[in-house]
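Dear colleague,

Here is the structure that I promised to pass on to you. Please open it beside this message, and read the notes below with it in view.

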Amino acid sequence: MTSCDQRGRGISLSRRHFLQGTAALGASASATPLIGAPALAAAKPDKIVVTGLKINWNRTFEQEIAPLFENKTGIKVQFEWLPIDALAARLKTQLSASDGGIDVAWFNTGNVNAMASGLADHTALFKEFGAPDGYDFEDIFLSSRLGYTVGGRLVGIPFRYTTYIQHYQPDILEKAGISKAPSTFADYRQAGLAVTEKFGPERFGIGMYGRESEAMVRGWHPFLLSSGGRYYDPKTWDILINKPEAVSSLQFYGGLAKDKVVPPEYSTWEWDGLTAGAQADRYAMTVTIGPYATLMGDPAKSKTAGKWAWAKVPGATDPSQATASAGGWAMGVSENSKNKRWAFEFLKMATSKAAMKSTTRDGNAPPRNSVLNDPDVVKALGWAPAFSEMAKVSIAFPTADDPVFTVCDQQIRPHISRVLLGQATAQEAMDAAAAEWKRTLRRAGLI
């Protein structure tokens with residue numbers, strides 16, 4: 001196996017490695033000033049308010065970053081953790097408020113455009129307040145940085161990155177006569193057929209999202225992009241979804257269902273369903289978000305714990321074509337914050353290499369190349385090298401400036417679903433989607 005095809009060895013950093021990471025965070029604060037002298041000399045508030053998503057790895061920020069920040073500055077950090085819908089609603093109303101009640105906000109690539117006007121220009125903040133030695137902003141994946149650049153303004157600093165990789169069980173593939181991870185669409189289909197023939201109906205070759213949903217569309221995206229297909233040209237607004245590259249990718253994707261190399265219950269699967277299918281050993285391969293490997297191989301829940309390996313997604317006809325969409329989360333300083341200097345100092349500390357390494361203990365996938373290739377992280381998270389390799393070739397999809405992506409992304413769902421159900425050919429479905437998108441672009445005044 002290559003360095004990207006390592007077996008799972010557990011789902012989190014060991015306590016020893018965690019303590020090393022925590023110690024590194026403290027050591028970096030001592031050896032290198034995370035907060036510059038001008039900032040330390042500035043007038044200080046009693047607290048700053050960080051509003052973010054309620055998730056497992058809030059622990060790093062609450063138990064490590066906030067105490068370190070308070071120790072260095074004397075400023076407390078008040079966290080407001082909210083579910084995703086409640087978070088989006090609060091930010092949309094409060095970021096634009098003049099009272100400056102939120103100092104640091106968390107947001108994802110799906111709503112960055114809606115949040116942008118309420119967020120500061122972080123390039124300007126870096127120029128004004130600087131960055132500590134070793135912070136290395138260039139270490140953050142370019143596609144991730146571009147995902148939070150709106151109208152030429154960097155409106156946040158990424159701290160979570162999501163892209164797709166191939167998850168597979170090498171022992172199962174080998175028993176079916178497949179000696180390595182599939183690297184092309186044809187290889188992927190052939191492996192799916194071989195495993196299904198060998199082990200069906202107890203286990204099938206491929207897992208995929210089948211329920212009409214966002215997950216279904218995202219599951220198809222790596223195949224669309226690796227075929228050279230795109231939705232549309234955001235500069236000219238030429239619709240590309242019914243062009244040969246896009247159509248061929250959907251024809252292939254729908255063909256997997258037609259070949260019956262997927263479990264029959266796949267038609268009900270969204271995000272959690274695919275994960276549960278992996279845990280129940282219902283399939284041998286899938287293409288999905290990298291960090292889902294942690295859940296798929298959870299020893300407490302999964303029959304397949306320790307049996308997975310990882311590689312780049314297949315290319316259409318050549319491995320070099322492998323591409324996937326990129327997204328994730330960032331944190332940004334509110335434009336109306338009365339504590340911009342201090343909010344920015346906290347943000348830099350929270351997105352440092354040491355802090356991001358610590359978040360991997362609880363399931364985060366940081367957008368830093370150095371963290372994903374850190375020996376401790378690689379040892380604990382075998383999927384990290386493949387994820388890092390895919391991050392180099394992934395693209396921000398959609399772009400932060402795209403005004404109609406969300407609408408078009410929803411409109412395409414029933415058309416993809418018809419192909420998976422065998423109710424339409426890929427060309428028929430994409431022609432129908434293109435016609436609907438044309439009306440959407442016209443109503444938006446873009447064509």
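**Salt bridges and their surroundings**

Arg211 has a relative accessible area of 45% and is therefore partly exposed, where buried means under 20%, exposed over 50% and partly exposed in between (1.4 Å probe, protein chains only). Its side chain meets that of Glu270 in a salt bridge, at 3.5 Å from N to O, a salt bridge being a side-chain nitrogen of Lys or Arg within 4 Å of a carboxyl oxygen of Asp or Glu. Arg211 lies in the loop between β8 (204-207) and α10 (214-226), and Glu270 in the loop between α11 and α12, so the pair ties together parts that are 59 residues apart in sequence; helices (H or I, at least four residues) and strands (E, at least two) are DSSP runs, numbered from the N terminus.

Please keep in mind that this is a predicted model, in which local features need pLDDT of at least 70 and side-chain atom pairs count only at pLDDT 80 or more, while totals for chains, interfaces and linings use all residues. Residues are numbered from 1 along each chain as its sequence is written, and side-chain values use heavy atoms, with hydrogens and water left out.

The structure holds 17 salt bridges, including one between Arg59 and Glu64, whose closest N and O atoms are 2.7 Å apart, and both of these residues are buried. Glu214, Arg218 and Asp409 are linked in a network of salt bridges.

For the protein chain as a whole, the secondary structure comes to 21 helices and 12 strands, and 58% of its 447 residues count as buried.
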